[in-house]
Amino acid sequence: MTQASQTLQTAGRRWAGVAGIVFIALFVAAVAADTPGFLSTQNFRAILGTTTFVGLIAVGMTVIMISGSFVSMSLGTLATVTAIFFIYALKFGVGAAILSTLALGAMLGLVQGFLIGAWGANPIIVTIAAGALLEGASVALTGGQALSPPDNTYAFLNATPYGIPVGTFVLLLLVVVVEFLLRRTRPGREVYMLGESRAAARAAALSLGEIGCWVFMLAGVSAALAGIFLGSFNHGASLLLNRGTLNYDAIAATLIGGTAIAGGRGSVWRTLLGVILIATITNLVLLRGYSFGAQIFFKGVLMTAFVLIIHLRSQRGR
């Protein structure tokens with residue numbers, strides 16, 4: 001193939017990708033404009049609430065994916081389990097409940113990160129097993145019953161200063177902090193290097209176990225933050241809070257944001273845009289009265305199309 005042909009093919013892929021993204025964005029905008037109640041202030045707050053829960057999980061998912069560990073299948077479960085723990089721990093005071101929940105998330109992430117980073121265990125197998133163990137432990141400890149808070153000292157977590165939920169501010173702060181860590185610090189650059197090539201990272205004498213531990217600890221903390229806001233928003237907690245969608249929405253948002261599933265490339269800021277799109281689509285199908293099965297199907301079709309467009313565009317330089 002000549003240089004001119006390669007240039008034309010690359011340009012064609014680029015413009016096809018742009019056209020596809022613009023088409024999907026216009027389609028979603030048109031459906032939104034035709035959906036009663038979508039443009040209301042109350043609905044805007046509902047979208048921000050959904051963005052908070054999925055977004056906090058997706059931040060951790062992004063770092064895991066950049067590091068080359070594919071995805072975690074346990075972060076959604078970890079969020080619901082830490083929500084249960086947070087509600088239980090409120091009897092010791094809201095401050096102690098928040099700190100202990102974050103510590104629990106970090107510890108559970110650390111264990112998974114050690115197995116994956118230091119021992120080289122398969123991340124899918126480890127995180128699926130971790131999710132099953134967490135669910136089993138929660139059922140054993142709670143008897144499968146929902147927990148209710150002993151008081152309302154957590155009410156400030158549901159506040160809406162300037163009409164925006166507190167959780168949204170926490171999500172934005174986490175995005176800024178994690179983006180800074182990834183781009184401006186040595187550990188962050190090592191995460192990208194590990195994702196690009198595990199062999200190269202090992203040749204550069206990087207501690208793969210240490211990187212894996214802090215990556216999954218960070219993901220555990222982000223999932224625990226999601227758990228805290230899930231528990232406070234629902235005024236209680238049970239395993240039903242997950243409903244099987246939190247993890248998959250976080251994965252879809254990360255992919256839509258352009259993070260390479262093979263590792264080495266990605267941005268938390270772009271993941272946030274993917275989360276907003278996910279929350280908007282979820283909100284639209286709910287307002288239009290689709291059944292749960294239809295909601296999953298419709299959202300899945302759009303997510304698949306968007307992910308294919310994004311990742312086909314990423315191949316244009318090859």
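**Exercise 1.** Is Tyr88 buried or exposed, or in between?

*Solution.* Start with the number: Tyr88 has a relative accessible area of 42%. Now compare it with the cut-offs (buried is under 20%, exposed over 50%, partly exposed in between, with a 1.4 Å probe and protein chains only). Tyr88 is therefore partly exposed.

The model is predicted, so local features need pLDDT of at least 70 and side-chain atom pairs 80 or more, while totals for chains, interfaces and linings use all residues. Residues are numbered from 1 along each chain as its sequence is written, and side-chain values use heavy atoms, without hydrogens and water.

**Exercise 2.** Now sort Phe92, Phe53 and Leu172 in the same way.

*Solution.* Phe92 has 57%, so this residue is exposed. For Phe53 the value is 12%, so Phe53 is buried. With 36%, Leu172 is partly exposed; this leucine sits in helix H6, residues 166-184 (a helix is a DSSP run of H or I, at least four residues, numbered from the N terminus).

**Exercise 3.** How many aromatic pairs are there, and how is the pair of Phe53 and Phe233 arranged?

*Solution.* Rings of Phe, Tyr and Trp (its six-membered ring) pair with centres within 6.5 Å; planes under 30 degrees apart are stacked, over 60 edge-to-face, the rest tilted. The count is three. Phe53 and Phe233 have ring centres 5.5 Å apart and planes at 65°, so they are edge-to-face. Next, locate them: Phe53 belongs to helix H2 (residues 41-66) and Phe233 to helix H9 (residues 208-234), so the pair ties together parts 180 residues apart in sequence.

**Exercise 4.** What is the arrangement of the rings of Tyr88 and Phe92?

*Solution.* Their centres are 6.4 Å apart and their planes stand at 75°, so this pair is edge-to-face.

Technical notes:
Helix = DSSP H or I, 4+ residues; strand = E, 2+ residues; numbered from the N terminus.
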